[in-house]
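Visitor: Please take me through one part of this model in detail. I would like a close look at the aromatic rings and what surrounds them.

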Amino acid sequence: MRGVQEAFRRELNASPTSVLRGIRLDRVREHLQIADPASTTVTAVAQQWGFAHLGRFAGAYAERFGESPSTTLR
């Protein structure tokens with residue numbers, strides 16, 4: 001496992017966990033951009049992509065995209 005972590009650091013300058021989190025955040029954003037706000041909630045989409053702690057999710061989302069997930073959904 002250490003070899004995988006070192007390879008990620010060397011090639012991507014990130015940990016495997018942070019790369020995976022970024023991919024999941026990107027997928028949430030894609031989903032929110034095309035979703036109908038009348039029938040979709042940020043909570044449901046975040047949970048669908050494996051984000052259990054919504055406060056941390058919202059903070060990571062805002063840091064990555066510069067807006068809140070609810071703003072994207074609108």
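Guide: Start with Phe57. Leaving aside residues up to four places away in sequence, Phe57 touches Leu25, Val28, Val42, Ala46, Phe51 and Pro69. Keep in mind that this is a predicted model. Phe57 has a relative accessible area of 2%, so Phe57 is buried.

Now the rings. A pair of aromatic rings is described by the distance of the centres and the angle of the planes. The whole structure holds three aromatic pairs. One of them joins Phe51 and Phe57: the centres are 4.9 Å apart, the planes make 45°, and the pair is tilted. Phe51 counts as buried because its relative accessibility is 8%. Another tilted pair is Phe57 with Tyr61, at 5.8 Å centre to centre and 55° between the planes. These two residues are four apart in helix 4, so about one helical turn separates them. Tyr61 has 0% relative accessibility and therefore counts as buried. Ring pairs link Phe51, Phe57, Tyr61 and Phe65 into a cluster.

Next, the wider setting. The largest nonpolar core has 11 residues, including Phe51, Phe57 and Tyr61. Helix 2 (16-34), helix 3 (42-48) and helix 4 (54-65) each supply at least two residues of this core.

Finish with helix 2. Its buried residues are Gly22, Leu25, Val28, Arg29 and Leu32. They span an arc of only 125° around the axis, so they sit on the same side of helix 2. Their cover includes helix 3, helix 4 and helix 5 (69-73).

Methods: Residues are numbered from 1 along each chain as its sequence is written. This is a predicted model: local features need pLDDT of at least 70, side-chain atom pairs count only at pLDDT 80 or more; totals for chains, interfaces and linings use all residues. Side-chain values use heavy atoms; hydrogens and water are left out. A nonpolar core is a set of buried Ala, Val, Leu, Ile, Met, Phe, Trp, Tyr and Cys residues joined through side-chain atoms within 4.5 Å. Buried means under 20% relative accessible area, exposed over 50%, partly exposed in between (1.4 Å probe, protein chains only). Contact means heavy atoms within 4.5 Å. The arc is that of the directions from the helix axis to the C-beta atoms. Rings of Phe, Tyr and Trp (its six-membered ring) pair if their centres lie within 6.5 Å; planes under 30 degrees apart count as stacked, over 60 as edge-to-face and the rest as tilted.
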